[in-house]
Amino acid sequence: MTDTPEIRILLADDHALVRRGVRLILDGEPGLRVVAEAGDGAEAVEMVRGHEVDLAVLDIGMPRMTGIQAARELASLRPGLRILMLTMYDNEQYFFQALKAGACGYVLKSVADRDLVAACRAAMRGESFLYPGAVTALIRNYLDRARLGEDAGGEILTAREEEVLKLVAEGLSSKDIAETLFISVKTVQRHRANLLSKLGLRDRLALTRYAIRSGLIEP
């Protein structure tokens, strides 16, 4: 009888204490091993480039690049990688964004000791893992769309627009954003104008509030 291959896990959370607790849960289970840790989404992407990883467990609210943005990058970089979101946010909007970004599961930190191991094993079986409230939201969303005859549609914002929105909400100037993203100031200003127009908002404060609601930055 052959042994089941060990599941190699990347754990990303900007709080070291949380990472330590989650690692204790995962490493204490047979067949699960955390092989890399990251303090933000950008570092998580770099870790996956340099490590053999089967499963990424990502927090949503992280600096530089959120878990949702990182999930989108990782799904593109490593199509076979399984991705779980581990979050404090019991929030339908974050949940749907996580699914669109490529996550196969959504686990609440408040019940991680109960659900996380099962979610990891489900992910590696090619199954989805959703907490009960998420299942309810998914069913309600489907029924609402069916009733209204709506198509599921795509992201309202492009990946680049989300990047600009996050940096605007973090207080960076157009010049700083341009330098960070290696684009021109004029391009940044065009993205800002598009964001205001698409979202029906008036100013930076409104964009910041939207970014918080969308999980791009922490309140």
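**Tour from Asp59**

Start at Asp59, which UniProt lists in an unreviewed entry as "modified residue: 4-aspartylphosphate". UniProt positions follow the numbering used here, feature names are shortened, and annotations may be inferred rather than shown by experiment. The model is predicted: local features need pLDDT of at least 70, side-chain atom pairs count only at pLDDT 80 or more, and totals for chains, interfaces and linings use all residues. Residues are numbered from 1 along each chain as its sequence is written, and side-chain values use heavy atoms, with hydrogens and water left out.

Stay on aspartate 59. It sits in the loop between strand E3 (55–58) and helix H3 (67–77). Helices (H or I, at least four residues) and strands (E, at least two) are DSSP runs, numbered from the N terminus. Aspartate 59 is buried, at 3% relative accessibility; buried means under 20% relative accessible area with a 1.4 Å probe, protein chains only. Select its contacts (heavy atoms within 4.5 Å): beyond four places in sequence, aspartate 59 touches Ala12, Asp13, Asp14, Gly67, Met85, Leu86, Thr87 and Lys109.

Next, show the sheet. Six strands form an open, parallel sheet in the order E2-E1-E3-E4-E5-E6. Strand E2 (32–38) and strand E6 (129–130) are the edges, each pairing on one side only. Pairing takes at least two DSSP bridges; E3 and strand E4 (residues 82–87) have four. Zoom to valine 57, opposite leucine 84 in E4.

Finish on helix H4 (residues 92–101). Its buried residues are Tyr94, Phe95, Phe96, Gln97, Ala98 and Ala101.

Notes: Buried < 20%, exposed > 50% of the residue type's maximum accessible area, 1.4 Å probe, protein only.
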